[in-house]
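Reader: Before we go through the details, could you show me the chain we are going to discuss?

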Amino acid sequence: MTMRDQDLLLIALYALLGAGGAGALGAVALRILRRRSVAASLAVVTAVAVLAMLAGTLAVAWAMLLSSHDLTVVTVVAAVAAAVSLGTALLLGRQVVRRCRELVEAARVFGEEGTFTTPSVPAPAELAALSRELAATSERLTASRERERALETSRRELVAWISHDLRTPLAGLRAMSEALEDGMAADPARYHRQMRTEVDRLNSMVGDLFELSRIHAGALSLSPTRLNLYDLVGDALAGTDALAREHGVRLVGDPIASLPVEVDGKEMTRVLSNLLVNAIRHTPADGTVAIAAEAREGAVVLSVTDACGGIPEEDLTRVFDTGWRGTQARTPPGGAGLGLAIVRGIVEAHDGRAHVRNVTGGCCFELTLPAPA
C-alpha cells in the first residue's frame, strides 16, 4: 500500500469517527423526540447531516494539522451551511405540520359530523393519499348509512304491516270461534271453512317470514341440480292455473326452449310461483299474464309480464324491498309485501339478479340466472 493510500485511509477513518459521533447523537435525539412534532424531527435530521459533515471535516483538518486560519475558514463555511440548512428544514417542517393539523381538523369534523372534506391547500403526496382514502371512506360510510336508514324504514313498515295483517285474521278467527262457542253461528260448516281459510293465510304469512329471515341471515341452504327450464316453468304454470281461472286471467307460456339451468328446484319454483301469483292478483279480469324464457349472453333470462297498468317510476327501485306493497290498488288480499323480497333473495343466492321495468299496459319482472357451464 502506498503512502498516498495510507493517507486517504486515515482521512476516511477520521471522517468516519467524526460523522459517526454526530450520527449517534442524532439517533439519540430522534429517539427522545419521537413523540414530538415532525418539524423537530426534520430539524434534527438536518442538524445531524450538517454536524456530521462539520465533525468529519474538523477531524480531518485537525489530523492534517491545518493552520488556525484555514481551520477557522472551514468552520465558518460549515456553520453558515448549517444555519441555512436548519432554517430550510424548519420552514419545511412548519409547512408539513400545518398540513397535518388541517388534516387532523378535517378528520375531527369527519368523526363528529360523518362527512370528510378534503383540505383545499396542497399537501405532500403521502398526506394527499391519506386525505383521498379518508374521502373514499366517508363516501362509503355515507352510502352505508343511507342503506341502513332505508333498511330501518323498511323494517318499521314491515312490522306495522305484519302487525295489521296478523291482527285482521286473528280477530276474524276469534269472532267466529266465539260465535260457534255461543251457538250463534247459523251455518257452522261455513264458519269452519272460513276459519280454515284464515289459518291458511296465517300459515302462508308465517312461512314467508321464516323464509325471509333465513335469506337475511344467510342461512338459505341451496341444493342446485341441473334442471330443464321447460319443466320448471311448466310446474309453476300448473300450480297457479287454478288461481288464474278464479280471477279470470289468461296464463300464457310462450314457447319455452329446453334450456338447462342449475338451480335449487324447490326454491326456484317458489320464485316463479310468487311472481305468477303477484301478476295474477294485479291483472284485471280478461287480462293476460305471460311467462317467457331465453338464453342471453351466457345467462338464462326468465320474464313474467302482467297487465297491472304499470308501477310508478319512483317506486320501481323499491319493488323488491322488504314490506313494499306500493299503492293500495296493488296490495293483494292478506299480503305482507314479502313475496318479491323473497324472490330477490333466492335469485341472488343463485348468483343471479332480479329486475323490473314497465311495459305497455303493465310491468315485466326479469330474472337473470347464470347459464350452467
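Author: Helices are DSSP runs of H or I with at least four residues, numbered from the N terminus. The model is a predicted one, and its chain has eight helices and seven strands.

Reader: What span does α7 reach from its first C-alpha to its last?

Author: Helix α7, residues 265-282, has 18 residues, for which 26 Å is expected at 1.5 Å a residue. At the start of α7, a side-chain oxygen of Asp264 reaches to within 3.1 Å of the backbone nitrogen of Lys266, and the buried residues of this helix include Met268, Val271 and Leu272. The distance from the first C-alpha of α7 to its last is close to the expected value, at 26 Å.

Reader: Which residues form a nonpolar patch on the surface with Val84?

Author: Val84 lies in helix α3, residues 68-113, and it counts as exposed because its relative accessibility is 52%, where the cut-off is over 50%. The patch has about 260 Å² of accessible area together, while the accessible surface of the chain comes to about 22100 Å².

Key. Residues numbered from 1 in each chain as written. Predicted model: local features only at pLDDT ≥ 70, side-chain atom pairs only at ≥ 80, totals over all residues. Heavy atoms only, no water. Helix = DSSP H or I, 4+ residues; strand = E, 2+ residues; numbered from the N terminus. Expected span 1.5 Å × (residues − 1). Buried < 20%, exposed > 50% of the residue type's maximum accessible area, 1.4 Å probe, protein only. Polar contact = N/O pair within 3.5 Å; in protein donor to acceptor, adjacent residues only side chain to side chain. Patch = residues over 30% accessible without salt bridge, like charges linked within 9 Å, V, L, I, M, F, W, Y side chains within 5 Å. Areas by Shrake-Rupley, 256 points an atom, 1.4 Å probe, with all protein chains shown as cover. Salt bridge = Lys/Arg side-chain N within 4 Å of Asp/Glu carboxyl O.
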